[in-house]
Amino acid sequence: MARTNTVNKAAKDVGNCLVCRKELKKGDAYKWFKPYRSRKRVACTTCHFKNSHTCTSKWVTIYEAMEQLEDVANEFDYRTDISEVEDAVQELTDACEEVESEYREAAEAWGDAGAEMEEKADNIEDWDTDVDFDEKPHELDDDDEPKNDDERDALEAWVCDVQSAVEDMLGNCPGEM
Ligand SMILES: [Zn+2]
């Protein structure tokens with residue numbers, strides 16, 4: 001992780017907070033960090049950078065996909081199409097494959113010194129990001145509502161199942177090493 005610095009009074013406008021998008025103007029307090037080979041990132045002093053913001057490694061791709069999936073799962077309800085969650089899961093799977101193959105390429109280029117890269121690639125490969133969701137138990141009526149209380153209960157239980165399946169999968173993330 002890149003080190004975060006705090007400035008009490010900006011000498012000039014510094015752009016928008018990476019987290020809440022608030023404009024940070026001359027005179028405002030803000031914090032910043034600069035990822036390796038990337039432009040400076042800024043945020044309000046009260047906002048928190050996420051892993052994907054400060055991460056400088058290949059893992060940033062995976063973290064971003066994880067955060068996106070988390071958001072989609074948190075906002076999921078029985079009116080949302082399950083394909084939104086499935087798409088976000090697929091994006092995470094793609095991100096993992098991409099990062100895994102980058103590590104494999106790096107490992108090859110490094111020869112004997114690439115053992116660590118190989119291990120990182122193996123860890124990602126071992127992480128099973130596939131999630132199977134049950135079919136939506138009931139279709140909604142014309143007002144986008146369950147037809148009765150039983151159907152509402154079943155739909156709410158299904159939403160919980162979808163959310164915990166995502167949570168379980170994310171919980172198995174091997175993490176950056
Ligand atoms: Zn902010």
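These questions and answers walk through a predicted model. Local features need pLDDT of at least 70 and side-chain atom pairs count only at pLDDT 80 or more, while totals for chains, interfaces and linings use all residues. Residues are numbered from 1 along each chain as its sequence is written.

Student: How far apart do the C-alpha centres of domain 1 and domain 2 lie?
Tutor: Domain 1 covers 5–54 and domain 2 covers 59–171. These bounds come from an automatic or database domain assignment. The distance between their C-alpha centres is 29 Å.

Student: Are α2 and α3 roughly parallel or roughly antiparallel?
Tutor: Helices are DSSP runs (H or I, at least four residues), numbered from the N terminus. Helix α2 (residues 59–75) packs on helix α3 (residues 82–110) at about 170°, with axes 9 Å apart. Axes are lines fitted to C-alpha atoms, for helices over the stretch in contact, and angles run from 0 to 180 degrees between N-to-C directions. Angles over 145 degrees count as roughly antiparallel and those under 35 as roughly parallel, so α2 and α3 are roughly antiparallel.

Student: Is E116 exposed or partly exposed?
Tutor: E116 sits in helix α4. Its C-beta has 13 neighbours inside 10 Å. Therefore E116 counts as partly exposed.

Student: What is the phi of R21?
Tutor: Most residues other than glycine have a negative phi. R21 lies in the loop between β2 (15–16) and β3 (23–24), where strands are DSSP E runs of at least two residues. R21 is exposed because its C-beta has 11 neighbours inside 10 Å. Though not a glycine, R21 has a positive phi of about 70°.

Student: Which loop holds D144?
Tutor: D144 is another residue other than glycine with a positive phi, near 65°. D144 is exposed, with 8 other C-beta atoms within 10 Å. Its place is the loop between α4 and α5.

Terms used
Parallel < 35°, antiparallel > 145°, perpendicular 65-115°, else oblique. Buried ≥ 20, exposed ≤ 12 C-beta atoms within 10 Å, placed from the backbone.
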